[in-house]
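Work through the exercises below with the sequence and the model open. Each task is followed by a solution in steps.

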Amino acid sequence: MTTIEQANAALDPEETRRVRAERLERLGRWLLPLAIMLFAIWLWDRVCVWNEIPQYILPRPGVVLATLFKDAPLLFSSLLVTLRITFLSLLLAVVGGVGLAVLFAQSKWVEMSFFPFAVILQVTPIVAVFPLINIYVDNQTAKLLLCAWIVAFFPILSNTTLGLNSVDRNLRDLFKMNGATRWQQLWHLRLPAAMPYFLGGLKIAGGLSLIGAVVAEFVAGASGQSSGLASRIIEAGYRLNAPRLFAALILISVTGILIFLVLSLISHLILRRWHESALKQEH
Amino acid sequence: MMPQQASIVRTGAVESGNPLLVLRGVGKSFSNGVVALKDVDLTIKEGDFVSLLGPSGCGKSTALRIIAGLSSPSAGTLGWHKTLGSDGVGFVFQEPTLLPWATVFDNVWLPLRLRGVSREAARPAVMELLERVHLAGFEAAVPRELSGGMKMRVSIARGLVTKPRLLLMDEPFAALDEITRFRLNNDLLELWQDERFTVVFVTHSVFESVFLSNRIVVMAARPGRVFEEFAVDAPYPRDEAFRTSTCYAALCRRASAVLSSAIHSTGGASHDDD
(Lines give C-alpha, C1' and ligand atoms only; values in the text may rest on other atoms or scores of the structure.)
Protein backbone atom coordinates (compact mmCIF):
# COMPACT_ATOMS: atom_id res chain seq x y z
CA MET A 1 0.00 0.00 0.00
CA THR A 2 2.67 2.48 1.02
CA THR A 3 4.79 1.69 -2.01
CA ILE A 4 1.93 2.55 -4.29
CA GLU A 5 1.38 5.87 -2.55
CA GLN A 6 5.05 6.64 -2.80
CA ALA A 7 5.06 5.82 -6.45
CA ASN A 8 2.17 8.22 -6.87
CA ALA A 9 3.84 11.00 -4.92
CA ALA A 10 7.21 10.89 -6.63
CA LEU A 11 6.82 11.46 -10.35
CA ASP A 12 9.63 10.34 -12.56
CA PRO A 13 11.55 13.03 -14.45
CA GLU A 14 9.74 12.36 -17.73
CA GLU A 15 6.32 12.80 -16.14
CA THR A 16 7.48 15.96 -14.32
CA ARG A 17 8.69 17.41 -17.59
CA ARG A 18 5.40 16.54 -19.28
CA VAL A 19 3.34 18.19 -16.52
CA ARG A 20 5.49 21.32 -16.67
CA ALA A 21 5.24 21.51 -20.47
CA GLU A 22 1.47 21.16 -20.22
CA ARG A 23 1.21 23.98 -17.70
CA LEU A 24 3.40 26.22 -19.87
CA GLU A 25 1.27 25.48 -22.90
CA ARG A 26 -1.90 26.39 -21.05
CA LEU A 27 -0.42 29.75 -20.06
CA GLY A 28 1.09 30.35 -23.47
CA ARG A 29 -2.20 29.80 -25.24
CA TRP A 30 -3.51 33.05 -23.72
CA LEU A 31 -0.41 35.03 -22.95
CA LEU A 32 1.36 34.67 -26.27
CA PRO A 33 -1.34 36.12 -28.56
CA LEU A 34 -2.07 38.82 -25.99
CA ALA A 35 1.60 39.84 -25.83
CA ILE A 36 1.92 39.90 -29.62
CA MET A 37 -1.26 41.98 -29.87
CA LEU A 38 -0.01 44.50 -27.30
CA PHE A 39 3.34 44.66 -29.07
CA ALA A 40 1.63 45.32 -32.42
CA ILE A 41 -0.43 48.15 -30.92
CA TRP A 42 2.66 49.62 -29.34
CA LEU A 43 4.50 49.40 -32.67
CA TRP A 44 1.55 51.05 -34.42
CA ASP A 45 1.72 53.90 -31.91
CA ARG A 46 5.49 54.25 -32.34
CA VAL A 47 5.28 54.24 -36.15
CA CYS A 48 2.81 57.16 -35.95
CA VAL A 49 5.10 59.10 -33.63
CA TRP A 50 8.40 58.32 -35.32
CA ASN A 51 7.16 59.20 -38.79
CA GLU A 52 4.95 62.06 -37.62
CA ILE A 53 2.02 60.64 -39.54
CA PRO A 54 -0.97 63.01 -39.49
CA GLN A 55 -4.08 61.84 -37.68
CA TYR A 56 -6.28 61.80 -40.82
CA ILE A 57 -3.91 59.25 -42.43
CA LEU A 58 -3.18 56.94 -39.50
CA PRO A 59 -4.46 57.88 -36.03
CA ARG A 60 -2.62 56.66 -32.93
CA PRO A 61 -4.30 53.82 -31.04
CA GLY A 62 -5.03 56.10 -28.09
CA VAL A 63 -6.92 58.48 -30.36
CA VAL A 64 -8.94 55.62 -31.83
CA LEU A 65 -9.88 54.46 -28.34
CA ALA A 66 -10.84 57.99 -27.34
CA THR A 67 -13.00 58.28 -30.48
CA LEU A 68 -14.65 54.97 -29.67
CA PHE A 69 -15.79 56.48 -26.38
CA LYS A 70 -16.53 59.97 -27.70
CA ASP A 71 -18.60 58.68 -30.64
CA ALA A 72 -20.09 55.80 -28.68
CA PRO A 73 -23.75 56.91 -28.99
CA LEU A 74 -23.47 57.26 -32.75
CA LEU A 75 -21.39 54.12 -33.32
CA PHE A 76 -23.37 51.84 -31.04
CA SER A 77 -26.71 52.86 -32.48
CA SER A 78 -25.26 52.03 -35.90
CA LEU A 79 -23.92 48.74 -34.53
CA LEU A 80 -27.43 47.88 -33.36
CA VAL A 81 -28.77 48.45 -36.88
CA THR A 82 -26.09 46.18 -38.34
CA LEU A 83 -26.61 43.58 -35.63
CA ARG A 84 -30.32 43.49 -36.32
CA ILE A 85 -29.70 42.66 -39.97
CA THR A 86 -26.99 40.16 -39.00
CA PHE A 87 -29.13 38.19 -36.56
CA LEU A 88 -32.26 38.30 -38.67
CA SER A 89 -30.35 37.04 -41.67
CA LEU A 90 -28.64 34.35 -39.57
CA LEU A 91 -32.06 33.26 -38.32
CA LEU A 92 -33.39 33.13 -41.87
CA ALA A 93 -30.25 31.28 -42.95
CA VAL A 94 -30.86 28.65 -40.27
CA VAL A 95 -34.54 28.29 -41.16
CA GLY A 96 -33.87 28.32 -44.89
CA GLY A 97 -30.73 26.19 -44.78
CA VAL A 98 -32.15 23.50 -42.51
CA GLY A 99 -35.52 23.61 -44.24
CA LEU A 100 -33.98 23.12 -47.68
CA ALA A 101 -31.64 20.43 -46.34
CA VAL A 102 -34.59 18.50 -44.90
CA LEU A 103 -36.37 18.85 -48.22
CA PHE A 104 -33.27 17.63 -50.06
CA ALA A 105 -32.96 14.72 -47.65
CA GLN A 106 -36.42 13.45 -48.56
CA SER A 107 -35.23 12.24 -51.90
CA LYS A 108 -31.99 12.01 -53.78
CA TRP A 109 -33.85 13.28 -56.86
CA VAL A 110 -34.84 16.54 -55.19
CA GLU A 111 -31.28 17.07 -54.02
CA MET A 112 -29.81 16.32 -57.43
CA SER A 113 -32.27 18.69 -59.09
CA PHE A 114 -31.99 21.69 -56.79
CA PHE A 115 -28.53 21.63 -55.26
CA PRO A 116 -26.96 23.30 -58.34
CA PHE A 117 -29.21 26.34 -57.77
CA ALA A 118 -27.86 26.70 -54.26
CA VAL A 119 -24.31 26.50 -55.61
CA ILE A 120 -25.04 29.18 -58.21
CA LEU A 121 -26.43 31.47 -55.51
CA GLN A 122 -23.33 30.86 -53.44
CA VAL A 123 -20.65 31.39 -56.07
CA THR A 124 -22.06 34.53 -57.68
CA PRO A 125 -20.51 37.54 -55.90
CA ILE A 126 -23.25 39.25 -53.92
CA VAL A 127 -21.91 42.70 -54.82
CA ALA A 128 -22.57 41.91 -58.48
CA VAL A 129 -26.09 40.64 -57.80
CA PHE A 130 -27.08 43.58 -55.64
CA PRO A 131 -28.06 46.00 -58.42
CA LEU A 132 -30.69 43.45 -59.46
CA ILE A 133 -31.98 43.10 -55.92
CA ASN A 134 -32.06 46.89 -55.78
CA ILE A 135 -34.37 46.96 -58.79
CA TYR A 136 -36.74 44.20 -57.63
CA VAL A 137 -36.96 44.88 -53.90
CA ASP A 138 -38.27 48.18 -52.56
CA ASN A 139 -37.98 47.78 -48.83
CA GLN A 140 -34.50 48.68 -47.58
CA THR A 141 -34.47 46.14 -44.75
CA ALA A 142 -35.68 43.40 -47.06
CA LYS A 143 -32.89 44.23 -49.50
CA LEU A 144 -30.22 43.98 -46.81
CA LEU A 145 -31.72 40.81 -45.38
CA LEU A 146 -31.89 39.09 -48.74
CA CYS A 147 -28.29 40.02 -49.41
CA ALA A 148 -26.96 38.78 -46.07
CA TRP A 149 -29.11 35.66 -46.30
CA ILE A 150 -27.69 34.65 -49.68
CA VAL A 151 -24.18 34.92 -48.25
CA ALA A 152 -24.94 33.03 -45.02
CA PHE A 153 -27.32 30.20 -45.85
CA PHE A 154 -25.08 28.02 -48.00
CA PRO A 155 -22.75 26.60 -45.32
CA ILE A 156 -25.78 25.63 -43.25
CA LEU A 157 -27.51 24.02 -46.21
CA SER A 158 -24.50 22.06 -47.41
CA ASN A 159 -23.37 20.94 -43.95
CA THR A 160 -26.85 19.92 -42.82
CA THR A 161 -27.44 18.03 -46.07
CA LEU A 162 -24.20 16.16 -45.53
CA GLY A 163 -25.16 15.41 -41.92
CA LEU A 164 -28.65 14.17 -42.79
CA ASN A 165 -27.11 11.79 -45.32
CA SER A 166 -24.36 10.41 -43.11
CA VAL A 167 -26.46 8.28 -40.78
CA ASP A 168 -25.03 4.89 -39.76
CA ARG A 169 -26.44 2.24 -42.11
CA ASN A 170 -27.23 -0.18 -39.31
CA LEU A 171 -29.16 2.46 -37.41
CA ARG A 172 -31.17 3.10 -40.53
CA ASP A 173 -31.89 -0.65 -40.75
CA LEU A 174 -32.89 -0.68 -37.11
CA PHE A 175 -35.44 2.06 -37.71
CA LYS A 176 -36.72 0.25 -40.77
CA MET A 177 -37.14 -3.02 -38.87
CA ASN A 178 -39.08 -1.24 -36.18
CA GLY A 179 -41.46 0.19 -38.73
CA ALA A 180 -40.39 3.82 -38.27
CA THR A 181 -42.23 6.36 -40.39
CA ARG A 182 -40.31 8.86 -42.51
CA TRP A 183 -41.07 11.53 -39.93
CA GLN A 184 -39.87 9.38 -37.03
CA GLN A 185 -36.67 8.59 -38.89
CA LEU A 186 -36.09 12.27 -39.53
CA TRP A 187 -36.87 13.39 -36.01
CA HIS A 188 -35.26 10.62 -33.95
CA LEU A 189 -32.36 9.70 -36.20
CA ARG A 190 -31.35 11.99 -39.04
CA LEU A 191 -31.75 15.41 -37.42
CA PRO A 192 -29.81 14.47 -34.26
CA ALA A 193 -27.14 12.81 -36.40
CA ALA A 194 -26.85 15.98 -38.48
CA MET A 195 -26.51 18.20 -35.41
CA PRO A 196 -22.66 18.33 -35.31
CA TYR A 197 -22.56 19.12 -39.03
CA PHE A 198 -25.25 21.79 -38.68
CA LEU A 199 -23.41 23.42 -35.78
CA GLY A 200 -20.21 23.49 -37.83
CA GLY A 201 -22.12 25.25 -40.61
CA LEU A 202 -23.70 27.63 -38.10
CA LYS A 203 -20.27 28.79 -36.89
CA ILE A 204 -19.29 29.69 -40.44
CA ALA A 205 -22.67 31.24 -41.21
CA GLY A 206 -22.48 33.46 -38.10
CA GLY A 207 -19.40 35.21 -39.42
CA LEU A 208 -20.74 35.29 -42.96
CA SER A 209 -24.03 36.89 -41.95
CA LEU A 210 -22.12 39.77 -40.35
CA ILE A 211 -19.99 40.10 -43.48
CA GLY A 212 -23.14 39.87 -45.60
CA ALA A 213 -24.88 42.57 -43.55
CA VAL A 214 -21.93 44.96 -43.79
CA VAL A 215 -21.39 44.34 -47.50
CA ALA A 216 -25.09 44.83 -48.18
CA GLU A 217 -25.04 48.13 -46.31
CA PHE A 218 -22.01 49.17 -48.30
CA VAL A 219 -23.63 48.62 -51.66
CA ALA A 220 -27.03 49.86 -50.52
CA GLY A 221 -25.99 52.56 -48.11
CA ALA A 222 -24.40 54.87 -50.63
CA SER A 223 -27.79 56.50 -50.86
CA GLY A 224 -27.54 57.42 -47.19
CA GLN A 225 -30.77 55.80 -46.15
CA SER A 226 -29.16 53.16 -44.03
CA SER A 227 -27.41 53.99 -40.81
CA GLY A 228 -25.52 50.80 -40.11
CA LEU A 229 -21.82 50.63 -39.34
CA ALA A 230 -20.95 50.41 -43.03
CA SER A 231 -22.50 53.78 -43.74
CA ARG A 232 -20.61 55.22 -40.76
CA ILE A 233 -17.42 53.92 -42.36
CA ILE A 234 -18.26 55.37 -45.78
CA GLU A 235 -19.18 58.66 -44.20
CA ALA A 236 -16.00 58.78 -42.14
CA GLY A 237 -14.01 57.95 -45.26
CA TYR A 238 -15.51 60.92 -47.14
CA ARG A 239 -14.71 63.24 -44.28
CA LEU A 240 -11.19 61.89 -43.75
CA ASN A 241 -12.24 61.05 -40.19
CA ALA A 242 -9.76 58.19 -39.81
CA PRO A 243 -10.15 57.76 -36.03
CA ARG A 244 -13.87 57.07 -36.41
CA LEU A 245 -13.19 54.80 -39.35
CA PHE A 246 -10.83 52.74 -37.24
CA ALA A 247 -13.23 52.74 -34.29
CA ALA A 248 -16.02 51.40 -36.50
CA LEU A 249 -13.72 48.75 -37.94
CA ILE A 250 -12.70 47.60 -34.46
CA LEU A 251 -16.34 47.41 -33.47
CA ILE A 252 -17.12 45.16 -36.45
CA SER A 253 -14.19 42.82 -35.73
CA VAL A 254 -15.03 42.55 -32.05
CA THR A 255 -18.66 41.80 -32.97
CA GLY A 256 -17.52 39.06 -35.38
CA ILE A 257 -15.31 37.51 -32.71
CA LEU A 258 -18.12 37.60 -30.15
CA ILE A 259 -20.55 35.96 -32.58
CA PHE A 260 -18.03 33.19 -33.24
CA LEU A 261 -17.36 32.66 -29.52
CA VAL A 262 -21.05 32.52 -28.64
CA LEU A 263 -21.80 30.05 -31.44
CA SER A 264 -18.78 27.92 -30.41
CA LEU A 265 -20.06 27.87 -26.85
CA ILE A 266 -23.55 26.86 -27.95
CA SER A 267 -22.07 24.11 -30.10
CA HIS A 268 -19.92 22.86 -27.23
CA LEU A 269 -22.85 22.82 -24.80
CA ILE A 270 -25.01 20.81 -27.19
CA LEU A 271 -22.36 18.28 -28.19
CA ARG A 272 -20.28 17.92 -25.07
CA ARG A 273 -21.89 14.76 -23.80
CA TRP A 274 -21.73 12.66 -26.91
CA HIS A 275 -19.73 13.95 -29.82
CA GLU A 276 -16.03 13.29 -30.40
CA SER A 277 -15.34 16.90 -31.38
CA ALA A 278 -16.37 18.15 -27.95
CA LEU A 279 -14.29 15.68 -25.96
CA LYS A 280 -11.24 16.78 -24.04
CA GLN A 281 -8.11 14.98 -25.13
CA GLU A 282 -7.14 12.39 -22.59
CA HIS A 283 -3.80 10.73 -22.24
CA MET B 1 -20.15 -16.71 -10.70
CA MET B 2 -23.55 -16.97 -12.32
CA PRO B 3 -26.22 -18.30 -10.02
CA GLN B 4 -27.69 -21.47 -11.41
CA GLN B 5 -31.31 -21.02 -12.26
CA ALA B 6 -32.88 -24.40 -12.08
CA SER B 7 -36.16 -23.27 -13.57
CA ILE B 8 -35.92 -24.63 -17.07
CA VAL B 9 -33.58 -27.34 -18.18
CA ARG B 10 -33.71 -28.07 -21.86
CA THR B 11 -31.50 -30.40 -23.75
CA GLY B 12 -30.23 -30.03 -27.24
CA ALA B 13 -31.44 -33.51 -28.09
CA VAL B 14 -35.07 -32.73 -27.38
CA GLU B 15 -36.55 -30.38 -29.94
CA SER B 16 -40.22 -30.33 -29.43
CA GLY B 17 -40.90 -26.79 -30.62
CA ASN B 18 -43.10 -25.96 -33.59
CA PRO B 19 -41.39 -24.64 -36.67
CA LEU B 20 -41.23 -20.87 -36.25
CA LEU B 21 -39.62 -20.12 -39.56
CA VAL B 22 -38.96 -22.26 -42.62
CA LEU B 23 -36.61 -21.21 -45.42
CA ARG B 24 -37.08 -23.17 -48.63
CA GLY B 25 -34.69 -22.93 -51.55
CA VAL B 26 -33.74 -19.40 -50.58
CA GLY B 27 -31.21 -17.76 -52.87
CA LYS B 28 -29.77 -14.29 -53.24
CA SER B 29 -27.69 -13.05 -56.11
CA PHE B 30 -26.47 -9.54 -56.78
CA SER B 31 -26.17 -7.59 -60.02
CA ASN B 32 -22.38 -7.95 -59.95
CA GLY B 33 -22.76 -11.70 -60.38
CA VAL B 34 -22.04 -12.67 -56.78
CA VAL B 35 -24.22 -15.51 -55.57
CA ALA B 36 -24.46 -14.82 -51.85
CA LEU B 37 -26.90 -17.64 -51.11
CA LYS B 38 -28.02 -20.66 -53.09
CA ASP B 39 -30.78 -23.16 -52.30
CA VAL B 40 -30.82 -22.66 -48.56
CA ASP B 41 -33.25 -24.90 -46.67
CA LEU B 42 -33.48 -24.14 -43.01
CA THR B 43 -36.04 -24.74 -40.30
CA ILE B 44 -35.95 -22.71 -37.10
CA LYS B 45 -38.02 -24.24 -34.33
CA GLU B 46 -39.58 -22.44 -31.44
CA GLY B 47 -37.09 -22.26 -28.57
CA ASP B 48 -34.08 -23.09 -30.72
CA PHE B 49 -30.69 -21.50 -30.30
CA VAL B 50 -29.32 -21.95 -33.81
CA SER B 51 -25.84 -20.81 -34.79
CA LEU B 52 -24.96 -20.08 -38.38
CA LEU B 53 -21.26 -20.90 -38.50
CA GLY B 54 -19.04 -20.37 -41.49
CA PRO B 55 -16.16 -18.59 -43.16
CA SER B 56 -16.41 -15.05 -44.51
CA GLY B 57 -18.49 -14.81 -47.63
CA CYS B 58 -20.65 -17.85 -46.87
CA GLY B 59 -23.76 -15.66 -46.81
CA LYS B 60 -24.63 -16.09 -43.15
CA SER B 61 -25.15 -12.37 -42.63
CA THR B 62 -27.15 -12.18 -45.86
CA ALA B 63 -29.37 -14.99 -44.59
CA LEU B 64 -29.93 -13.06 -41.37
CA ARG B 65 -30.80 -9.88 -43.25
CA ILE B 66 -33.30 -11.81 -45.36
CA ILE B 67 -34.92 -13.26 -42.24
CA ALA B 68 -35.03 -9.76 -40.72
CA GLY B 69 -36.82 -8.44 -43.81
CA LEU B 70 -34.00 -6.03 -44.63
CA SER B 71 -33.30 -7.77 -47.89
CA SER B 72 -35.56 -9.83 -50.09
CA PRO B 73 -34.54 -13.22 -51.46
CA SER B 74 -34.09 -13.54 -55.21
CA ALA B 75 -35.32 -17.13 -55.08
CA GLY B 76 -37.21 -19.39 -52.68
CA THR B 77 -39.66 -18.68 -49.91
CA LEU B 78 -39.77 -17.76 -46.24
CA GLY B 79 -42.54 -19.38 -44.26
CA TRP B 80 -43.39 -17.77 -40.92
CA HIS B 81 -45.36 -19.40 -38.16
CA LYS B 82 -48.80 -17.86 -38.40
CA THR B 83 -48.62 -16.27 -34.94
CA LEU B 84 -45.39 -14.46 -35.73
CA GLY B 85 -45.50 -11.06 -37.39
CA SER B 86 -42.58 -8.82 -38.25
CA ASP B 87 -43.08 -7.27 -34.83
CA GLY B 88 -41.92 -10.49 -33.27
CA VAL B 89 -38.33 -10.15 -34.47
CA GLY B 90 -35.47 -8.44 -32.63
CA PHE B 91 -32.06 -7.72 -34.13
CA VAL B 92 -28.63 -7.27 -32.56
CA PHE B 93 -25.90 -5.93 -34.84
CA GLN B 94 -22.21 -6.67 -34.91
CA GLU B 95 -21.54 -3.18 -33.59
CA PRO B 96 -23.57 -1.90 -30.64
CA THR B 97 -25.22 0.57 -33.07
CA LEU B 98 -26.61 2.85 -30.37
CA LEU B 99 -27.82 6.42 -30.77
CA PRO B 100 -24.75 8.28 -29.43
CA TRP B 101 -26.76 11.31 -28.31
CA ALA B 102 -29.35 9.32 -26.37
CA THR B 103 -29.09 7.88 -22.86
CA VAL B 104 -29.07 4.14 -22.19
CA PHE B 105 -32.74 4.36 -21.20
CA ASP B 106 -33.70 6.18 -24.40
CA ASN B 107 -31.74 3.71 -26.52
CA VAL B 108 -33.56 0.73 -25.03
CA TRP B 109 -36.87 2.58 -25.20
CA LEU B 110 -36.39 3.38 -28.91
CA PRO B 111 -38.15 0.33 -30.48
CA LEU B 112 -41.15 0.87 -28.21
CA ARG B 113 -41.06 4.61 -28.82
CA LEU B 114 -41.25 4.01 -32.57
CA ARG B 115 -44.37 1.96 -31.87
CA GLY B 116 -45.91 4.88 -30.02
CA VAL B 117 -45.28 3.74 -26.43
CA SER B 118 -44.71 6.69 -24.10
CA ARG B 119 -41.67 6.99 -21.84
CA GLU B 120 -43.73 6.32 -18.72
CA ALA B 121 -45.52 3.35 -20.21
CA ALA B 122 -42.22 1.88 -21.35
CA ARG B 123 -40.39 2.49 -18.08
CA PRO B 124 -41.19 -0.80 -16.29
CA ALA B 125 -40.18 -2.94 -19.27
CA VAL B 126 -37.00 -0.93 -19.94
CA MET B 127 -35.89 -0.89 -16.32
CA GLU B 128 -36.52 -4.59 -15.90
CA LEU B 129 -34.49 -5.42 -18.99
CA LEU B 130 -31.63 -3.16 -17.93
CA GLU B 131 -31.55 -5.09 -14.69
CA ARG B 132 -31.57 -8.39 -16.57
CA VAL B 133 -28.51 -7.35 -18.62
CA HIS B 134 -26.78 -6.12 -15.44
CA LEU B 135 -26.97 -2.43 -16.30
CA ALA B 136 -29.21 -1.22 -13.50
CA GLY B 137 -28.11 2.27 -12.47
CA PHE B 138 -26.69 3.14 -15.89
CA GLU B 139 -29.94 4.31 -17.49
CA ALA B 140 -28.82 7.96 -17.56
CA ALA B 141 -25.39 7.30 -19.08
CA VAL B 142 -24.67 7.98 -22.75
CA PRO B 143 -22.99 5.30 -24.88
CA ARG B 144 -19.52 6.84 -24.92
CA GLU B 145 -19.38 6.59 -21.14
CA LEU B 146 -19.75 2.81 -21.38
CA SER B 147 -17.28 0.04 -22.17
CA GLY B 148 -17.64 -2.10 -25.29
CA GLY B 149 -19.25 -4.94 -23.35
CA MET B 150 -21.73 -2.62 -21.66
CA LYS B 151 -22.71 -1.08 -25.00
CA MET B 152 -23.41 -4.56 -26.32
CA ARG B 153 -25.59 -5.26 -23.27
CA VAL B 154 -27.59 -2.12 -24.09
CA SER B 155 -27.92 -3.37 -27.65
CA ILE B 156 -29.21 -6.76 -26.44
CA ALA B 157 -31.67 -5.07 -24.10
CA ARG B 158 -32.91 -2.96 -27.02
CA GLY B 159 -33.30 -6.09 -29.15
CA LEU B 160 -35.40 -7.73 -26.44
CA VAL B 161 -37.52 -4.78 -25.32
CA THR B 162 -40.36 -5.59 -27.71
CA LYS B 163 -40.44 -9.14 -26.30
CA PRO B 164 -39.66 -10.72 -29.68
CA ARG B 165 -40.28 -14.41 -30.29
CA LEU B 166 -37.19 -14.48 -32.49
CA LEU B 167 -33.90 -12.71 -31.79
CA LEU B 168 -31.44 -12.37 -34.69
CA MET B 169 -27.82 -11.75 -33.72
CA ASP B 170 -25.15 -10.87 -36.29
CA GLU B 171 -21.73 -11.69 -34.75
CA PRO B 172 -22.62 -9.56 -31.75
CA PHE B 173 -19.56 -10.38 -29.64
CA ALA B 174 -16.91 -10.52 -32.38
CA ALA B 175 -15.32 -7.21 -31.42
CA LEU B 176 -15.12 -7.91 -27.68
CA ASP B 177 -12.21 -9.29 -25.66
CA GLU B 178 -12.43 -12.91 -24.59
CA ILE B 179 -13.26 -12.34 -20.93
CA THR B 180 -16.10 -9.97 -21.79
CA ARG B 181 -17.31 -12.34 -24.49
CA PHE B 182 -17.49 -15.28 -22.09
CA ARG B 183 -19.52 -13.25 -19.60
CA LEU B 184 -21.90 -12.06 -22.29
CA ASN B 185 -22.26 -15.65 -23.53
CA ASN B 186 -23.27 -16.77 -20.04
CA ASP B 187 -25.68 -13.90 -19.56
CA LEU B 188 -27.24 -14.39 -22.99
CA LEU B 189 -27.85 -18.09 -22.28
CA GLU B 190 -29.42 -17.23 -18.96
CA LEU B 191 -31.73 -14.70 -20.62
CA TRP B 192 -32.62 -17.20 -23.33
CA GLN B 193 -33.54 -19.87 -20.81
CA ASP B 194 -35.66 -17.53 -18.73
CA GLU B 195 -37.46 -15.66 -21.49
CA ARG B 196 -37.84 -18.57 -23.92
CA PHE B 197 -37.26 -16.67 -27.12
CA THR B 198 -35.69 -18.25 -30.19
CA VAL B 199 -32.23 -17.19 -31.35
CA VAL B 200 -30.48 -17.26 -34.71
CA PHE B 201 -26.86 -16.43 -34.00
CA VAL B 202 -24.29 -15.70 -36.70
CA THR B 203 -20.68 -16.35 -35.70
CA HIS B 204 -17.16 -17.12 -36.91
CA SER B 205 -16.27 -18.86 -33.70
CA VAL B 206 -16.57 -22.64 -33.31
CA PHE B 207 -16.21 -22.34 -29.53
CA GLU B 208 -18.92 -19.74 -29.19
CA SER B 209 -21.36 -21.63 -31.37
CA VAL B 210 -20.84 -24.90 -29.47
CA PHE B 211 -21.16 -23.21 -26.09
CA LEU B 212 -24.37 -21.41 -26.96
CA SER B 213 -26.42 -23.39 -29.41
CA ASN B 214 -28.47 -26.52 -29.47
CA ARG B 215 -28.07 -26.68 -33.22
CA ILE B 216 -25.26 -25.56 -35.52
CA VAL B 217 -25.72 -24.87 -39.19
CA VAL B 218 -22.32 -24.89 -40.91
CA MET B 219 -22.27 -22.87 -44.11
CA ALA B 220 -19.86 -22.85 -47.03
CA ALA B 221 -18.97 -20.07 -49.45
CA ARG B 222 -19.02 -19.49 -53.21
CA PRO B 223 -21.92 -19.93 -53.54
CA GLY B 224 -23.15 -19.41 -49.97
CA ARG B 225 -25.02 -22.54 -48.92
CA VAL B 226 -25.82 -24.82 -46.00
CA PHE B 227 -23.01 -27.36 -45.76
CA GLU B 228 -24.04 -29.46 -42.79
CA GLU B 229 -26.37 -29.20 -39.85
CA PHE B 230 -25.99 -30.95 -36.54
CA ALA B 231 -27.38 -30.91 -33.02
CA VAL B 232 -25.21 -30.04 -30.03
CA ASP B 233 -26.03 -32.81 -27.60
CA ALA B 234 -25.24 -31.19 -24.31
CA PRO B 235 -27.76 -30.26 -21.65
CA TYR B 236 -28.59 -26.74 -20.51
CA PRO B 237 -27.91 -24.86 -18.32
CA ARG B 238 -24.33 -24.60 -19.51
CA ASP B 239 -21.92 -22.74 -17.29
CA GLU B 240 -18.21 -22.12 -16.86
CA ALA B 241 -17.68 -25.77 -15.92
CA PHE B 242 -19.04 -26.78 -19.33
CA ARG B 243 -16.31 -24.76 -21.04
CA THR B 244 -13.62 -27.05 -19.64
CA SER B 245 -15.53 -30.32 -19.87
CA THR B 246 -14.46 -33.16 -22.15
CA CYS B 247 -17.92 -33.13 -23.69
CA TYR B 248 -17.39 -29.51 -24.78
CA ALA B 249 -13.97 -30.33 -26.18
CA ALA B 250 -15.34 -33.25 -28.18
CA LEU B 251 -18.18 -31.15 -29.59
CA CYS B 252 -15.75 -28.39 -30.54
CA ARG B 253 -13.53 -30.94 -32.27
CA ARG B 254 -16.46 -32.17 -34.28
CA ALA B 255 -17.66 -28.69 -35.21
CA SER B 256 -14.13 -27.71 -36.22
CA ALA B 257 -13.85 -30.75 -38.45
CA VAL B 258 -17.13 -29.92 -40.20
CA LEU B 259 -16.15 -26.27 -40.55
CA SER B 260 -12.79 -27.12 -42.02
CA SER B 261 -14.31 -29.43 -44.62
CA ALA B 262 -16.80 -26.64 -45.40
CA ILE B 263 -13.90 -24.25 -45.94
CA HIS B 264 -12.04 -26.75 -48.13
CA SER B 265 -15.11 -27.42 -50.19
CA THR B 266 -14.94 -23.77 -51.27
CA GLY B 267 -11.36 -23.97 -52.43
CA GLY B 268 -9.75 -22.39 -49.38
CA ALA B 269 -10.41 -19.16 -47.57
CA SER B 270 -7.87 -17.12 -49.45
CA HIS B 271 -10.37 -14.72 -50.99
CA ASP B 272 -12.08 -13.48 -47.85
CA ASP B 273 -14.29 -10.62 -48.78
CA ASP B 274 -15.06 -9.15 -45.41
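**Exercise 1.** State the accessible surface of chain A and the share of it that belongs to carbon and sulfur atoms.

Solution. In this predicted model, the accessible surface of chain A is about 17,200 Å². Carbon and sulfur atoms hold 69% of that surface. As for the residues, 37% of the 283 in chain A count as buried, where buried means under 20% relative accessible area.

**Exercise 2.** Describe the secondary structure of chain A and decide whether the chain is spread out or a compact globule.

Solution. Start with the elements: chain A has 11 helices and 0 strands. Next, take the radius of gyration, which is 25 Å for chain A. The globule rule gives 19 Å for 283 residues, and the value for chain A is well over this, so the chain is more spread out than a compact globule. Finally, look at the extents: the C-alpha trace spans about 70 × 65 × 30 Å along its principal axes.

**Exercise 3.** Find how far apart the mean positions of the positive and negative charges of chain A are.

Solution. Chain A carries 24 positive and 17 negative charges. Their mean positions lie 6 Å apart.

**Exercise 4.** Describe the contact between chain B and chain A, and name the three residues of chain B that supply more of its buried area than any other three.

Solution. Then take the area: the two chains bury about 2,000 Å² between them, with 62% of it on carbon and sulfur atoms. The three residues are Trp101(B), Leu114(B) and Arg144(B), which supply 35% of the area that chain B buries against chain A.

Methods: Residues are numbered from 1 along each chain as its sequence is written. Chains are lettered from A and ligands numbered from 1 in the order in which they are written. This is a predicted model: local features need pLDDT of at least 70, side-chain atom pairs count only at pLDDT 80 or more; totals for chains, interfaces and linings use all residues. Side-chain values use heavy atoms; hydrogens and water are left out. Helices (H or I, at least four residues) and strands (E, at least two) are DSSP runs, numbered from the N terminus. The radius of gyration is taken over C-alpha atoms; the globule rule is 2.2 Å times the number of residues to the power 0.38. Buried means under 20% relative accessible area, exposed over 50%, partly exposed in between (1.4 Å probe, protein chains only). Accessible areas come from the Shrake-Rupley method with a 1.4 Å probe; for residues, only the protein chains shown count as cover. Lys and Arg count as positive and Asp and Glu as negative; His and the chain ends are not counted. The place of a charge is taken as NZ of Lys, CZ of Arg, CG of Asp or CD of Glu. Contact means heavy atoms within 4.5 Å. Buried area is the accessible area (1.4 Å probe) that two parts lose on being put together, summed over both.
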